[in-house]
Amino acid sequence: MEKDPDLAYSDRFGRRNMEYLSVGCDILPVLRGRSPIQAYADFMRNFRDTFRPLLGITITGIQVGLGPAGELRYPSCPSQRMTWAWRSRELGEFQCYDKYMLASLNACARGIGMREWGNGGPIGASNLMHNHEHTEFFKSDDGSWDTPYGRFFLEWYSQMLLLHGERVCMEAETIFHGTEVNISAKVASIHWHYDTYSHPSELTAGYYNTSTRDGYLPIIRMLGRYGITLCCACFEMKDSEEKQMNPYSSPEGFLRQLLLAARLCDVYLEGENSTENLDDESFQQVLKMSKFYSDGLEKPSFSFNFVRMDKNLFEYQNWVRFIRFVRQMTDAGIFRAKLDFGVGDLCTSHKRAVVNVGATFAYSS
């Protein structure tokens with residue numbers, strides 16, 4: 001990236017994000033004659049060959065990274081700020097100003113005879129923390145997100161991300177085929193403008209999801225084509241709590257949309273928590289949202305990753321709550337969990353636990 005800064009994403013202010021290579025150069029020979037997709041495939045192939053004796057036995061699941069923090073999204077909001085972005089209601093910035101993204105945008109605009117649409121991202125999309133109703137692009141009434149130009153740009157922007165996800169998932173499915181390892185991919189939980197018309201923070205992240213368009217269904221259909229499990233978070237979050245701090249936020253609405261799409265496309269699901277809450281209400285919310293996906297399915301394939309483990313989990317009352325939660329998930333038929341403190345069916349670590357079909361595990365990530 002030092003020799004070619006345009007390998008990194010850039011926003012309209014020229015600020016570059018080094019978390020992930022721009023999807024604009026996915027299939028271009030920019031890495032000493034190889035493309036990023038070829039490099040990703042080589043890495044996965046080397047991983048498979050190195051750990052082949054463990055695949056399907058010790059290593060039972062692999063999550064394929066598709067973007068910043070492993071999530072299929074643009075770095076519209078830097079990952080280090082994602083943990084509190086919904087509190088500040090960040091809109092994010094469109095990441096389409098590196099030369100590769102601009103070349104693609106320009107070509108698409110020329111292709112429909114609208115050259116003036118190919119010079120950059122939307123004007124009037126404001127900055128990271130501006131009220132969306134005070135912007136020309138995202139405002140509810142007559143916002144340009146819902147004009148021919150806005151629809152053209154958002155379609156191109158989201159399709160570039162979707163195409164990147166498909167390229168990587170296609171390689172992953174081919175490379176790990178026959179290894180009996182479950183492959184998953186993660187969609188970011190961007191819910192802090194879900195109860196608006198334009199969903200600005202989702203749009204800047206690459207999810208063309210608005211009050212009139214389902215932006216997640218194409219992604220989940222793509223995952224289904226390659227047998228990839230959908231991973232998504234915020235299972236423990238409640239609208240009633242989040243709306244006290246941000247009236248536009250709806251983690252439950254966001255999650256229900258994803259879960260319905262996963263059911264419709266018959267895509268396996270991997271849930272996660274987003275916070276470190278260890279109270280009974282949070283565990284009950286996880287149970288509620290898990291049932292939303294699995295109820296009525298003859299053979300639901302669902303796992304839950306309990307992330308952000310720390311020493312507080314092993315305090316007596318918290319540990320009792322956690323065990324009760326696992327048993328409630330088992331009793332509800334969401335999955336079968338086996339807890340055995342003697343021989344290591346429950347192996348503890350400091351970061352992450354996985355409650356999965358057939359067993360309960362904990363491992364570091």
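In strand β6 (residues 269–272), Leu269 and Gly271 point one way while Glu270 and Glu272 point the other way, and all of them are buried, where buried means under 20% relative accessible area, exposed over 50% and partly exposed in between, with a 1.4 Å probe and protein chains only. In a regular strand the side chains alternate between the two faces of the sheet. Strands here are DSSP runs of E with at least two residues, and helices are runs of H or I with at least four residues, numbered from the N terminus. This is a predicted model, in which local features need pLDDT of at least 70 and side-chain atom pairs count only at pLDDT 80 or more, whereas totals for chains, interfaces and linings use all residues. Residues are numbered from 1 along each chain as its sequence is written, and side-chain values use heavy atoms, with hydrogens and water left out.

Strands β5 and β6 run parallel and are joined by three bridges, with Cys231 standing opposite Glu270 of β6. The pairing of β6 with β7 is also in the parallel sense, over four bridges, and there Glu272 stands opposite Asn305 of β7.

The rings of Trp117 and Tyr149 are edge-to-face, because their planes stand at 65 degrees, with the centres 5.6 Å apart. This pair links distant parts of the chain, 32 residues apart, since Trp117 lies in the loop between α3 (99–111) and α4 (148–176) and Tyr149 in helix α4. Trp117 is buried, with a relative accessible area of 18%, and Tyr149 is buried at 16%.

The rings of Phe235 and Phe304 have their centres 5.8 Å apart and their planes at 70 degrees, so this pair is edge-to-face. Phe235 lies in the loop between β5 (229–232) and α7 (239–242) and Phe304 in strand β7 (residues 302–307), so the pair ties together parts that are 69 residues apart in sequence. Both Phe235 and Phe304 are buried.

Phe235 is also among the residues with the most contacts inside the largest nonpolar core, which has 88 residues; such a core is a set of buried Ala, Val, Leu, Ile, Met, Phe, Trp, Tyr and Cys residues joined through side-chain atoms within 4.5 Å. The largest share of this core, 14 residues, comes from α4.

Terms used
Phe/Tyr/Trp six-rings, centres within 6.5 Å; stacked < 30°, edge-to-face > 60°. Pairing = 2+ DSSP bridges.
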